[in-house]
Amino acid sequence: MKKTGFQKTIVWLFSCILLFGLAVPSYADDEISINGKPEVFITGKSVYEIENGTETSVDVQVKNKGSATAEHIVVRAKSDEPVPPFQISFSDGENVGSLGTNGSKMLRMHIKMNETPEKSIYPVTLSYTYQNRAGATFSGSETIQLRVKGFDKEPIYLFENMKTVPESLTPGQGGTVSGTVKNSGSKDMLQAEVSLDNLQTEGISLSGGFSSMQLGNLAVGEQKAFSFPLSASADMAAGNYPVTVKLKYQDEFGKEFEKVQNYYISVGGANGKATQLEIRNMKEPQGVFDVNQNFQITFELCNTGQTTAKDIVVQAEGLEATAVVPKSTSMKNIANLPAGKSMPLSFTFAGTNQASTQNYAVQFTVTYKTGNTKEETFKQYAGVNIRNAEKDKKDKEANESDKDKPTSKPKIIVSKYVCDPLIVMAGEEFDLKTTLMNTHPVKGVKNIKMFLTLAEETSSETEKSGNIFTPVNSSNTYYFDAIAPKSTVDKELRLYVVPNAQPKTYTLTVNFEYEDAEGNEYTAKELLGINVKQTTELSIDEFVLPESVEQYAPITVSFSYYNTGKVALNNVMFKIEGDVDTPNKSTYIGNMDPGASDYYEATFTPNTLGEVPVSIIASYEDSSGELVEDRRDFVLNVTEPIPVDENADMNMEEPAAPVNFKWIGFIAGLVIVAIVVIVIVLKKRKKKKEASLLADIDDDKDDEEGISL
């Protein structure tokens, strides 16, 4: 009976284990951890290029990076434009279905541009909703940019075969200007129109009554001719007069363009009625005039042309202003002088105490206008003998006292030099304008040779840096006949800077070899500083910002940048300007060597509603210390945040993880089995001891019986 009861007990215990292990329900799935949550997002390019008039297919990836299955995923596309010029559809519809942990699905969108776009980039918001297995709803959105291919590129044109018939218009008569417009780009030109502008009634004007000509559409490579009848005013002077040729056209998107180009019309020539003023019958003062003794110079101003000269100004002055001065009005104004007419003019001068006994020149400058616009200038000179006995006496005494002094040598210096531009660019040409001066008061110099050298050397012992500057279309040696005492000569040089010149100030040596009147040879050197600047360039990858964003929604901008110039960039810095919050409005990068590259990323949040201007600014200092900025300006359309439903937030909270009774029952069963095993072992040991004890008692009884026998 005891053995049967024990077996029943074992059966009852195993029944309990089965009840705990199988009958207890479980609410947790093997794929979902106790605290699992789905998290859906969309990945792909930030900018997609689409073509106008065709359907473009693009792919975006929907992915679940959470730790639980996302169910009932729906993706929708919406443009911020009230009436977008395109349509968007999905190959498999908006319903994506379900995605397990780390699951993904490629979503194909079809975009068709069916209207005329007004800008090159359109933002599109991809919004999505999904649920977890408990029924809680989640949502999110991503913004992509649609770039219209070719919208930011305009057709390229050329004006060709421009000519005037006849080549030079005769005043009072007409002619024709003609040419062709050629589409030399890769896009069609639509509704092209050519017109003439900058015309004047008293100058070049149109004689046909119309100022524009419709050319229509020009396909790629096509050209069309245009022609306009012109007339020249009867009183126009000979010369070249500009007219403006204006071209208007549209591209395939309806975007309008307007280009202008100047063309010069020749008027006059051999048969032109040019205005021509001359000074005739000039009477120079005869004899010798003492200091402060007045003398007169008279002449006739004649118009030998065939049109009226206007706004005439005649100015008289001594070439040595301290020696000869005017005693009458030195400037005379004449409103006009008709063709074939003349006007007598008279000017009075006198010598001063500063004059020496010699001949002095008086200069007459005549300025006037021909026709309506062109200004002409010419000069003529007269001479007068001045005597200053007192100054001659002083000069003679001074010369006699100087006989015992060492003979001074004539010197040539560069009294002035100008670089145009002031800072020259490596790899480009520049003008070096110099003024050479003989500093000696009485000795002239002759047979002058000038040549340039660069005294500095490069890091190489064998390579001289003299080839930094190379003369353009000339040799390195220049020659002058003579320079009078205290006189100057001007010399303009055209030089070229080698492309690999390092940015710094180079010392250019100007060498002189010359002689004085007696044939004595001399040499001299002058040092000129030439500031060379090397090309600097910071290249930034293209990037865009969304045109529409919610207030307080963070925006991330990122791009790569490169030093594509030939010299290092100093103090590179990126800044964000605008009414936005950001932890780093200024990011200091430092110096960048040539060929170096890096990556920039920043996040900012707009504060105000409406249109918010935002600028991303890259700045650096070039080799000359000049600050260079590259600005990228954007306008964000900041909208109010979408209201949040508190009840929805409560529903979206993940429910508390259910207690997994299956595991608890399994563990409890193991414990019970262990207890049963221990009980069985203990009972077996107890029975074994009892059996041994009974055997010992029986042996003792047998022994007692044996002894008693």
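Which residue in β16 is the bridge partner of Ser205? Select Ser205 and look across to β16: the partner is Ser231. Helices and strands here are DSSP runs, numbered from the N terminus (helices: H or I, at least four residues; strands: E, at least two).

Before you go on, a word about what's on screen: this is a predicted model, where local features need pLDDT of at least 70 and side-chain atom pairs count only at pLDDT 80 or more, while totals for chains, interfaces and linings use all residues. Residues are numbered from 1 along each chain as its sequence is written, and side-chain values use heavy atoms, with hydrogens and water left out.

**Stop 1**

Now bring in the rest: four strands make an open sheet, in the order β10-β12-β16-β14, with antiparallel pairing. From one strand to the next, the twist averages 35° (axes are lines fitted to C-alpha atoms, and angles run from 0 to 180 degrees between N-to-C directions).

**Stop 2: two cis peptide bonds**

Go to the end of β10 and select Val165 and Pro166. The peptide bond from Val165 to Pro166 is cis, with omega near -5°, and Pro166 sits in the loop between β10 and β11 (168-169).

Next, jump to Asp420 and Pro421, where another cis peptide bond has omega of about 5°. Pro421 is in the loop between β28 (412-420) and β29 (423-425).

**Stop 3: positive phi without glycine**

Pick His72, in strand β4 (residues 70-79). Its phi is near 55°, a positive value in a residue other than glycine. Is His72 buried or exposed? His72 counts as exposed because its relative accessibility is 53% (buried means under 20% relative accessible area, exposed over 50%, partly exposed in between; 1.4 Å probe, protein chains only).

Then try Asn102, in the loop between β6 (95-99) and β7 (104-113). Asn102 isn't a glycine either, yet has a positive phi of about 65°. At 55% relative accessibility, Asn102 counts as exposed.

**Last stop: a helix**

Finish by selecting Ile667, which lies in helix α4 (residues 661-708).

Technical notes. Two strands pair if DSSP finds at least two bridges between them.
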